[in-house]
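Welcome! Here is a short briefing to read alongside the sequence and the 3D view.

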Amino acid sequence: MANARCSCGALRLTLPDEPKAVIACHCIECQRRTGAPFGAGAFYPAEAVTISGTARQYTRDAASGGKVHSYFCPDCGSSVCWKTDNLPTMIGVALGALDNTSLLPVPAKSIFERSKHHWVRIEDAGEHFQQGSVIRHAD
Ligand SMILES: [Zn+2]
Ligand SMILES: [Zn+2]
């Protein structure tokens, strides 16, 4: 099993070894959530993810409709994972929270490139979108 955690370690996730997808997102909301030039997440079936510790939830409107629910550590503030109303069976985990990223695939999709920082180079991503893209179940 793989693991992810916040900066202080109070919020931890136990994950399956293989994510269903890795997505890079350059939308403004992901930039604000992470404080980084873009957000990147590994997506896992929600029922296969165990969350331990206390998370605070922040909910916002999604560009594609519905809501996005972000979970962060109330002690250190790390944004660790999120769910969306559009895809309630999956959980997105911030790549920076994962313990072991050596076997992760390159992002299958790079989305919302319309707000990508001009110096970010992500040519290896499988598909590129100016706006969003529906994430489907890979199984
Ligand atoms: Zn923490
Ligand atoms: Zn985004």
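The chain exposes about 7800 Å², and carbon and sulfur atoms supply 50% of that area; accessible areas come from the Shrake-Rupley method with a 1.4 Å probe, and for residues only the protein chains shown count as cover. Please keep in mind that this is a predicted model, in which local features need pLDDT of at least 70 and side-chain atom pairs count only at pLDDT 80 or more, while totals for chains, interfaces and linings use all residues. Residues are numbered from 1 along each chain as its sequence is written, chains are lettered from A and ligands numbered from 1 in the order in which they are written, and side-chain values use heavy atoms, with hydrogens and water left out.

**Overall build**

- The chain has 1 helix and 11 strands, where helices (H or I, at least four residues) and strands (E, at least two) are DSSP runs numbered from the N terminus.
- Along the principal axes, the C-alpha atoms fill a box of roughly 35 × 30 × 30 Å.
- Buried residues make up 41% of the 139 residues; buried means under 20% relative accessible area, exposed over 50%, and partly exposed in between (1.4 Å probe, protein chains only).
- Of the contacts (heavy atoms within 4.5 Å) between residues at least 6 apart in sequence, 50% join residues at least 24 apart.

- β6 (residues 56-61) and β7 (residues 67-72) pair in the antiparallel sense over 6 bridges; two strands pair if DSSP finds at least two bridges between them.
- R60 stands opposite V68 in β7.
- The hairpin of β6 and β7 has 5 residues between the strands, and G65 takes a positive phi near 95° there.
- β7 also pairs with β8 (residues 79-84), in the antiparallel sense over 5 bridges.
- S70 has W82 in β8 as its bridge partner.
- In the hairpin of β7 and β8, with 6 residues between the strands, G77 takes a positive phi near 85°.

**The zinc ion (ligand 2)**

- C25 (SG), C27 (SG) and C30 (SG) are the protein donors of this ion, lying 2.1 to 2.3 Å from it.
- Donors are N, O and S atoms within 2.8 Å of the metal (3.2 Å for Na, K and Ca); water is not among the atoms, so sites may look incomplete.
- Along the chain, the donors follow the spacing C-x1-C-x2-C.
- C27 is buried, with a relative accessible area of 12%, and C30 is buried too, at 10%.
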